[in-house]
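Let's walk through this one together, from the chain as a whole down to its core. Have the sequence and the model side by side as you read.

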Amino acid sequence: MDELDLRIVRRLQQDGRVKFLQLARELDVSEGTVRNRVKLLEDEKVILQYAAVVDPRKIGFDAVAFIGLDVEPLK
């Protein structure tokens, strides 16, 4: 995974529906490069899924909770 892959992943995290052509223009590479990189990232399970982020209030939740976890890395 190189810098271009990281930039693609970051951008898809912001907007998973961004068109490959738009992404290619933003990253100054060809659309084919973006398409091939995304396919490889999906095949290698770097990109696991695409998901919608919703406003909890608009789907009936009146409270939002923030939960933090401290974990120890596996050795």
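**Burial, fold and core**

Of the chain's 75 residues, 19% count as buried, meaning under 20% relative accessible area with a 1.4 Å probe and protein chains only. Keep in mind that this is a predicted model, where local features need pLDDT of at least 70, side-chain atom pairs count only at pLDDT 80 or more, and totals for chains, interfaces and linings use all residues. Residues are numbered from 1 along each chain as its sequence is written, and side-chain values use heavy atoms, with hydrogens and water left out.

As for secondary structure, you'll find 3 helices and 0 strands, going by DSSP runs (H or I of at least four residues for helices, E of at least two for strands, numbered from the N terminus). The radius of gyration is 16 Å, well over the 11 Å that the globule rule gives for 75 residues, so the chain is more spread out than a compact globule. That radius is taken over C-alpha atoms, and the rule is 2.2 Å times the number of residues to the power 0.38.

Now for the inside. The largest nonpolar core has 12 residues, among them Leu4, Leu23, Val38 and Ile47; such a core is a set of buried Ala, Val, Leu, Ile, Met, Phe, Trp, Tyr and Cys residues joined through side-chain atoms within 4.5 Å. Helix 1 (3-14), helix 2 (20-27) and helix 3 (31-43) each put in at least two residues, with helix 1 giving the most, 4 residues.

Take a look at Ile47 too: leaving out residues up to four places away in sequence, Ile47 touches Leu12, Val38, Leu41 and Glu42, a contact being heavy atoms within 4.5 Å.

Methods
Buried < 20%, exposed > 50% of the residue type's maximum accessible area, 1.4 Å probe, protein only.
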